[in-house]
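I opened my notebook to look at how this chain is put together.

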Amino acid sequence: MLSVKHNEIVEFSSTLLNQFAEVVARFPEGRQKSALLPILHLVQAEFGWLSPDAMNKVAGYLGIEPIEVYEVATFYTMYLLQPQGKYVLEVCRTGPCCLVGAERIMTHLENKLGVKEGEVTSDGLFSWRGVECLAACGYGPVLQIGPEYTFYENLTEASVDQLIDDLSSKTN
């Protein structure tokens, strides 16, 4: 079940609809469902997350059932199903990273930012979450920052603090 805190009415701009048309044109006639992943990326880039209303509108645009969109959006972790901070700190939580401190880093993030996993800081800048393997097992603990997916290795509490400070100062 989708957990929704905010669900505003979504209207796709003509620019976004033109981008949809360009993506759909890449696929054979009758195979517009193949455009689902890139279209979801475009919607998320525009709105910051995929609300149920946005997913329903994507389904309508592609002529598919809403459940087909929900299945994809809930399967892939790169799609955000609730509002997130400007910077989404994603910490690898699989075995190799946990062995070298990923859980400690996640606890530190919770304390430093003052929000639990999936929540957004009051200034709207940060949210964090644990994710599955980021493919850097020899360099853990690691995190990436979405939506650009900048990658950081060999994390310590001090390096996380510096990263947060640097990101905070970029927006001021």
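**Inside the chain**

I looked up the largest nonpolar core first: it has 25 residues, and Leu89, Leu109, Leu113 and Phe126 have the most contacts inside it. My note on terms: such a core is a set of buried Ala, Val, Leu, Ile, Met, Phe, Trp, Tyr and Cys residues joined through side-chain atoms within 4.5 Å. Buried means under 20% relative accessible area, exposed over 50%, and partly exposed in between (1.4 Å probe, protein chains only). Strand 1 (87-92), helix 6 (102-113), strand 2 (126-131), strand 3 (143-146) and helix 7 (157-170) each give two or more residues to this core. Helix 6 supplies the largest share, 5 residues. Helices (H or I, at least four residues) and strands (E, at least two) are DSSP runs, numbered from the N terminus.

This is a predicted model: local features need pLDDT of at least 70, side-chain atom pairs count only at pLDDT 80 or more, and totals for chains, interfaces and linings use all residues. Residues are numbered from 1 along each chain as its sequence is written, and side-chain values use heavy atoms, with hydrogens and water left out.

Next I checked Leu113. Beyond its neighbours within four places in sequence, Leu113 is in contact (heavy atoms within 4.5 Å) with Leu89, Thr121, Phe126, Trp128 and Ile164.

**Whole chain**

I found 7 helices and 4 strands, in the order α-α-α-α-β-α-α-β-β-β-α. Of the 172 residues, 40% count as buried.

**Toward the surface**

Last, I asked where Tyr76 lies. Tyr76 is in the loop between helix 4 (66-75) and strand 1, and is partly exposed, at 31% relative accessible area.
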